[in-house]
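Subject: Handover of a protein structure

Dear colleague,

Please find below the structure that I am handing over to you.

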Amino acid sequence: MNTPNNKKRKKSQEQIEKVFLQLIQKKNIDEISVSTICEIANLNRSTFYANYIDIYDLAEKIKKNMEIEFAQFQLSNNAKQDSNGYLNMFRYIKDNQIFFKTYFKLEEISNEIPTQYRIDLAEKYYNNKFIDYHIEFFRAGLNAIIKKWLNNNCKETPEEINEIIESEYKNKN
């Protein structure tokens, strides 16, 4: 029986996801076919379609799992209650470059890391005036910096990237 939690189904899903993650490192999502995944994973197409609607459904499910994993990091990072939130995030990104490169590679689905926004800094420097616009602007800029850093194979240290972000707030005094 092909129940959602049976071991064979989970193993098939893991194989499909593993092959997809390998392929997405070298190709764009629209260049990856179900046939190629099944051939490399040594599975039937029916197995793929028993688990996913299409390539985009597979990518969406992988992306959701990645978001959950990153959210768990953010929760544990925020629980520490220190002022190194972004620095810790940049260290995590550098240590997990393939994970984040893959996440951004799935741009057809999403092109932003769901980062925790430091609302306390925004309130301090912007007095809540047009805060929703500032938040959107900052998130877009932060994601652009992270993408550029990843594309450069994280040549700068997490401390240097953190300094770039902090300098944006220092200029608001």
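The notes below set out what was found.

This is a predicted model, in which local features need pLDDT of at least 70 and side-chain atom pairs count only at pLDDT 80 or more, while totals for chains, interfaces and linings use all residues. Residues are numbered from 1 along each chain as its sequence is written, and side-chain values use heavy atoms, with hydrogens and water left out.

Confidence comes first. The pLDDT is the predictor's confidence in each residue, from 0 to 100. The protein averages 82, and 77% of the residues score at least 70. Helices here are DSSP runs (H or I, at least four residues), numbered from the N terminus. Confidence is highest in helix α2 (residues 34–41), at a mean of 96, and lowest in helix α7 (residues 119–126), at 60. Where pLDDT is low, the predicted coordinates should not be read in detail.

The next topic is burial. A residue is called buried under 20% relative accessible area, exposed over 50%, and partly exposed in between (1.4 Å probe, protein chains only). Helix α5 (residues 85–95) is mostly covered, with eight of its eleven residues buried. Among them are Tyr86, Leu87, Phe90 and Ile93.

Salt bridges follow. Side chains of opposite charge can pair when their charged atoms come close. A salt bridge is counted when a side-chain nitrogen of Lys or Arg lies within 4 Å of a carboxyl oxygen of Asp or Glu. By this rule there are five salt bridges.

- In Lys61 and Asp57, the closest N and O atoms are 3.2 Å apart. Because these residues are four apart in helix α4 (residues 55–79), about one helical turn separates them. Lys61 is partly exposed at 35%, whereas Asp57 is buried at 15%.
- Lys63 and Glu67 pair at 3.0 Å, N to O, and both lie in helix α4, four residues apart. Lys63 is buried at 5%, and Glu67 is buried at 19%.
- Arg91 and Glu159 pair at 2.8 Å, N to O. This pair links distant parts of the chain, with Arg91 in helix α5 and Glu159 in helix α9, 68 residues apart.

Salt bridges that share partners also join Glu60, Lys63, Lys64 and Glu67 into one network.

Finally, which residues in the loop between α8 and α9 deserve a note on phi? Most residues other than glycine have a negative phi. Asn153 has a positive phi of about 55°, and phi of Cys154 is near 55°. Asn153 is partly exposed at 48%, whereas Cys154 is buried at 3%.

Terms used: Helix = DSSP H or I, 4+ residues; strand = E, 2+ residues; numbered from the N terminus.
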